[in-house]
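Open the model in your viewer and have the selection tool ready. The tour goes stop by stop.

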Amino acid sequence: MMRAFYTLLFTAISFTVVEAAPAACPPGVNSATLSLIKEFEGFVPKPAPDPIGLPTVGYGHLCKTKGCSEVKFPLTKATASTLLVKDLKQFESCLNRAIKSSVKLNANQFGALASWTFNEGCGNMQSSTLIKRLNAGQNPNTVAAEELPKWKLAGGHTLPGLVRRRAAEVKLFKTPSSTIVHPC
């Protein structure tokens, strides 16, 4: 009887001691960020050139092959949303690596910068004055308000859509959140 008790006890303990999976670093962007990106990218159901002629589909997915063969068509909004989350991972990751661990960012601040990075690319983000100023310890809200609006050009021309997007990114950046996502 005691042996059965200890076997049962050991079995119960072994099933309750489960390690939690490590949290993703950086975590995926929040829903406010996804909504912002979707609003400005718009849903494109089949490959079409963006304002500077690059073939895109879904919510800003840059086609990697002729005819965007890496995407299954017909493309639904749900599938495009999944593709956006997948595409964002590389931009979240390069952003996370570019910003020093001494810089604390909440979910909205990181999300606004992820939207900007998704739009402008990792190389432009990494060499930007915005990242240099953040890493130098300047006030994040001031830096975002002064630097993001400068990123309004495409093909050498000011695009009204980029002016509006940067204003929305600044607004999201300045929206308080108690969730700190950087450093992670």
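What follows is a list of selections, with what to find at each.

This is a predicted model: local features need pLDDT of at least 70, side-chain atom pairs count only at pLDDT 80 or more, and totals for chains, interfaces and linings use all residues. Residues are numbered from 1 along each chain as its sequence is written, and side-chain values use heavy atoms, with hydrogens and water left out.

**Stop 1: the salt bridges**

Seven salt bridges are present in the structure. A salt bridge here is a side-chain nitrogen of Lys or Arg within 4 Å of a carboxyl oxygen of Asp or Glu.

Select glutamate 41 and arginine 165. Their side chains form a salt bridge, 2.8 Å from N to O. Glutamate 41 sits in helix α2 (residues 31-41) and arginine 165 in helix α8 (residues 160-173), 124 residues apart. Helices are DSSP runs of H or I with at least four residues, strands are runs of E with at least two, and both are numbered from the N terminus. Arginine 165 is buried at 2% relative accessible area, while glutamate 41 is partly exposed at 24%. Buried means under 20% relative accessible area, exposed over 50%, and partly exposed in between (1.4 Å probe, protein chains only).

Next, select glutamate 120 and arginine 166. The closest N and O atoms of this salt bridge are 2.7 Å apart. The pair links helix α4 (residues 107-120) to helix α8, across 46 residues. Glutamate 120 is buried at 15%, and arginine 166 is buried at 1%.

Now select glutamate 146 and arginine 133. They also form a salt bridge, with closest N and O atoms 2.7 Å apart. Glutamate 146 is in helix α7 (residues 140-147) and arginine 133 in helix α6 (residues 129-135), so the pair ties together parts 13 residues apart in sequence.

**Stop 2: histidine 182**

Select histidine 182, in strand β7 (residues 180-182). Is it buried or exposed? Histidine 182 is buried, at 2% relative accessible area. A polar atom of its side chain lies 2.7 Å from the backbone oxygen of valine 103. Show its contacts (heavy atoms within 4.5 Å). Leaving out residues up to four places away in sequence, histidine 182 touches several residues, including Asn96, Ile99, Leu105 and Phe110.

**Stop 3: the loop**

Finish at isoleucine 52, in the loop between β1 (44-49) and β2 (55-58).

Key
A polar contact is a pair of N or O atoms within 3.5 Å; within protein, one must be able to donate a hydrogen and the other to accept it, and residues adjacent in sequence count only if both atoms are side-chain atoms.
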